[in-house]
Amino acid sequence: MHSRRSLRQNLKGLLFVSPWLIGFIVFSLYPMLSAIGLAFTNYNILQPARAEFTGLANLTRLINDPLFWKSLSNTGFMTIIGVPLLIILSLLVALPLNRDMRGISFYRTAVYLPALLPPMVVVLLFLWILNPNYGLLKLPFDALGVQSPGWLADPRWSKPAILIMVLWNTVGQVMVITLAGLRDIPKHLYEAASIDGAGSVRKFFDITLPGLSPVIFYNVLTGVLSFVQIFTQAFVSSVGGSGGGSSGSSLGSPVNSTLMMSLHIYKTAFYSSQAGYAAMLSLVVLIFSLGLAFLFFRFAQRYVYYEFAENPA
Amino acid sequence: MTRRNPIRTLNHHLLLLAISLLFLLPIIWMVSTSLKPKNLVFVFPPQFFTLPFVFDNYPDSLRFIDFGRYFFNTAVISVLSVVGTLFSCPIAAYGFSRIRWSLREPLFYVCLSTIMLPFVAVMVPTYILFRSFGWIGNTNILWGWAPLIVPAFGGNPLYIFLLRQFFLSIPSELSEAAVIDGANEFQIFRQIILPLSRSALVTVSIFTFVGSWTDFLAPRLFITQKAQFTLSLGLLDYFSLHQTEWTYLMAACVVFVLPVVILFFFAQRLFVEGISLTGIKG
């Protein structure tokens, strides 16, 4: 009796989630498994019929591929520098915005507005702002009397340049989440701390930061996810730097300083047609994302699930 | 925080004004460039606003590329993605929240963990899969767009998660009463839960629309026919040919951004609530 009822409930549940389940199998699970399979073949985009199993050849190639290590360090740079900056900047902006005063919604909107722009628009706009001769960002350097960096034309400055555009484009979104977290911290904690004579620095480290920790953890995870995947900005800047061309040779320029993992995968699969090796490169990202998913899973178990069960939005 | 003195309030305004300006300046610069006569673009130090404004840059720029077509394409793709999301996400979220079944928790965690799956890691096999479906390079416009639209009908884990949280907050007594009245599960979903969730559904629709409107990587991967290009692709195309036409480029950018900004000002509250909801709490 009981098991029949539970079978019916399971069937009903499955029926409701079936659009997602089919989507998951076709658009996530299959591609993941397929990436694992492809990684051990010499699958060529142009001659798929000739694909052969090549064992660990792609792995050997990966270890000996200087561009793989270059792209790994580029993506690593963006993530390791970019995510902390994203978190700190959004916190620095959210703190003064967390105050009920006249005109506050104007300021909040102003900070959020850049987050609405398509990455394509952001990168085109910044190619213009970072123009070493006529760009807007030359002004502060002129005022200080120092030479403006060559930004996207200079391998030392190309990554910081991309970092600037990505941060400008994403801080607003993270700020909104941080602001919501700040508002959830009970006011009486601050009042109690004031009575105990705690200063504002003390309050920040003892109340604000611990209260925000789930929000910060969430922001770090989603931040890592987006920085690991940076594509559009690097793609367009390097196409722009060289006058376009469809050969793909300029992707990641100057001197491969903007060759992100995403770009290396893209270039290998679609310009060199070596989808097999590109899949091996993808596996590196996939394995990394498993770690992320695990952390997210733990996070959800700890905060999301229970908090919502007893304290619905 | 308890007592406000006017000088501190003024200082706070000045601080916030400086921060806002930092974020707004690039946007102002975009608009200002789009309204400049061509011969004043390469003047340094730059002037923010030079009168008279050259509004003709707009029609000229939109004629330069096939702007109308790309705009239309992007709009159709975005709207159909919204339709797909509204088809798949609410019903899955319902299954994950308001039906009790033993496989629910394990499957929900599978769904949750795919939020962290980077598209970049699966783009190559996904391309090969879509090509085997005959979707890549298909001159029939709807088949050509299928790679951008059909996945929306398979649900987005983040939106499912968001809607699930919302559905959980609806009192279960409502469903129980409906069961007594003889309603089946689907009727409860359609006639009780969905109407109560209008704001969450609008939020998810807006996010889907904006995501689809601004996307570059997926169109770049899957769309090869120029007639099927989205605005992101069209702008890149134009940019690689005429790199220094900044007035036209910025004018096109402004028009590209406009629908999203208008949408934002109409639904500001939902935007903000929705974003905060993705970060765990409402």
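**Figure 1. Leu124(A) and its partners in chain B.** Leaving aside neighbours within four places in sequence, Leu124(A) is in contact with Leu235(B), Phe239(B), Leu249(B) and Cys253(B). Here, two residues are in contact if their C-beta atoms, placed from the backbone, lie within 7 Å. Please keep in mind that this is a predicted model, in which local features need pLDDT of at least 70, side-chain atom pairs count only at pLDDT 80 or more, and totals for chains, interfaces and linings use all residues. Residues are numbered from 1 along each chain as its sequence is written, with chains lettered from A and ligands numbered from 1 in the order in which they are written.

**Figure 2. The largest nonpolar core.** This core holds 160 residues, and Leu124(A), Val124(B), Ile160(B), Leu163(B) and Cys253(B) touch the most other members. It lies between domain 1 (6-54) and domain 2 (60-278) of chain B, because both give residues to it. A nonpolar core is a set of buried Ala, Val, Leu, Ile, Met, Phe, Trp, Tyr and Cys residues joined through C-beta atoms within 7 Å. Buried means that 20 or more other C-beta atoms lie within 10 Å of a residue's own, with C-beta atoms placed from the backbone.

**Figure 3. Where chain A meets chain B.** Here 85 residues of chain A are in contact with 86 residues of chain B. Helix 1 (residues 2-38) of chain A supplies the largest share of chain A's side, 21 residues. That side divides into 64 nonpolar, 18 polar and three charged residues. Ala, Val, Leu, Ile, Met, Phe, Trp, Tyr, Cys and Pro count as nonpolar, Asp, Glu, Lys and Arg as charged, and the others, Gly among them, as polar. For the complex, the predictor gives an ipTM of 0.90 and a pTM of 0.91.

**Figure 4. The helices of chain A.** Chain A has 12 helices and zero strands; helices (H or I, at least four residues) and strands (E, at least two) are DSSP runs, numbered from the N terminus. Of the 313 residues in chain A, 43% are buried.

**Figure 5. The two domains of chain B.** Chain B is assigned domain 1 (6-54) and domain 2 (60-278), with bounds from an automatic or database domain assignment. Their centres, taken over C-alpha atoms, are 33 Å apart. Seven residues from domain 1 of chain B and six residues from domain 2 of chain B make the contact. The mean pLDDT (the predictor's confidence in each residue, from 0 to 100) of chain B is 89, and 96% of its residues reach 70 or more.

How values were computed:
Buried ≥ 20, exposed ≤ 12 C-beta atoms within 10 Å, placed from the backbone.
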